[in-house]
Amino acid sequence: MNLLDSLRWRYATKKMNGLAIPQDQVDKIIEAAYLAPTSSGLQPFRIIEVTNSDLKEKIKAIAFDQSQITDSSHLLIFAAWDNYTTERINGVFRHTALERGMPEDTLADYKNKLITSYTPRDARDNFEHTARQAYIGLGTAIAAAAELRIDATPMEGFEAADLDTLLGLPEKGLKSVTILALGYRDEANDWLVGMKKVRTPKDEFLIRLN
Ligand SMILES: Cc1cc2nc3c(=O)[nH]c(=O)nc-3n(C[C@H](O)[C@H](O)[C@H](O)COP(=O)(O)O)c2cc1C
């Protein structure tokens with residue numbers, strides 16, 4: 001299975017070499033995240049692509065100076081809805097009905113159930129849920145990058161509130177969740193490149209109840 005080979009090839013690259021990835025390759029990685037499943041198909045997250053060097057420098061300063069931020073070719077910032085609102089949920093269902101050429105009220109009962117169960121909840125609980133959907137996109141993007149033999153470092157090591165302000169995310173109703181740095185490994189200078197991939201023993205990881 002090619003996917004397993006790709007997942008064995010990939011690792012959380014610590015040192016990238018600064019070379020640029022062709023945009024069409026990055027677009028494929030974004031497409032994979034775009035096609036990822038989400039709860040009720042709400043797709044409650046966005047991807048912000050960053051290539052600008054000055055902006056990367058500013059992000060690095062609030063990401064514990066991690067070198068992948070500036071040595072990457074592209075940064076994909078996964079940012080999730082800060083809350084579920086009636087307007088947002090209505091918007092997704094309206095769009096789906098339009099795309100499928102169906103009457104707008106086809107899924108009204110299901111939609112209304114979501115609105116009545118999500119919108120009264122605390123915004124923090126809803127953000128936890130939207131962020132979980134963003135991680136599905138992140139995982140799918142990581143696998144897609146590996147298939148293309150593009151290195152990728154998923155990153156949570158940054159000051160999320162500072163990044164939100166820097167990127168103007170509150171005005172968009174978004175909060176940053178995670179960053180995916182995309183680039184090419186610097187084989188000579190990456191301490192992790194030759195290290196064994198270590199995982200929890202499989203008989204602990206997999207609980208079979210047959
Ligand atoms: C959500 C998430 C956040 C992470 N944050 C960072 C980070 O800020 N910096 C970093 O160098 N690695 C980060 N990592 C990489 C993990 O440490 C790494 O994936 C893990 O140790 C497994 O190793 P592997 O990815 O090389 O197989 C993160 C991974 C994930 C999934």
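A cavity is, on a 1 Å grid over the protein atoms alone, a set of points where a 1.4 Å probe fits but cannot get out, and its lining residues have an atom within 4 Å of a point. This is a predicted model, in which local features need pLDDT of at least 70 and side-chain atom pairs count only at pLDDT 80 or more, while totals for chains, interfaces and linings use all residues. Residues are numbered from 1 along each chain as its sequence is written, and side-chain values use heavy atoms, with hydrogens and water left out.

Q: What makes Phe93 and Arg100 lining residues of the largest cavity?
A: Each has an atom within 4 Å of a cavity point, and they are listed in its lining together with Thr96, Ala97, Met102, Pro103, Glu104, Thr106 and Leu107.

Q: What is the volume of the largest cavity?
A: It is about 60 Å³, a volume being the space filled by probe spheres set on the points, which are joined across faces, edges and corners.

Q: Which residues line the second largest cavity?
A: They are Arg10, Tyr11, Ile142, Ala145, Ala146, Ile150, Asp151 and Ala152. Two or more residues come from each of α7 (123-147) and β3 (151-155), these being DSSP runs (helices H or I, at least four residues; strands E, at least two) numbered from the N terminus.

Q: Why is β3 called largely enclosed?
A: Buried means under 20% relative accessible area (1.4 Å probe, protein chains only), and four of the five residues of β3 are buried, so the strand is largely enclosed by the rest of the structure.

Conventions
On a 1 Å grid over the protein atoms alone, a cavity is a set of points where a 1.4 Å probe fits but cannot get out, and a pocket is an open set with protein on both sides within 12 Å along at least five of seven lines; lining residues have an atom within 4 Å of a point. Buried means under 20% relative accessible area, exposed over 50%, partly exposed in between (1.4 Å probe, protein chains only).
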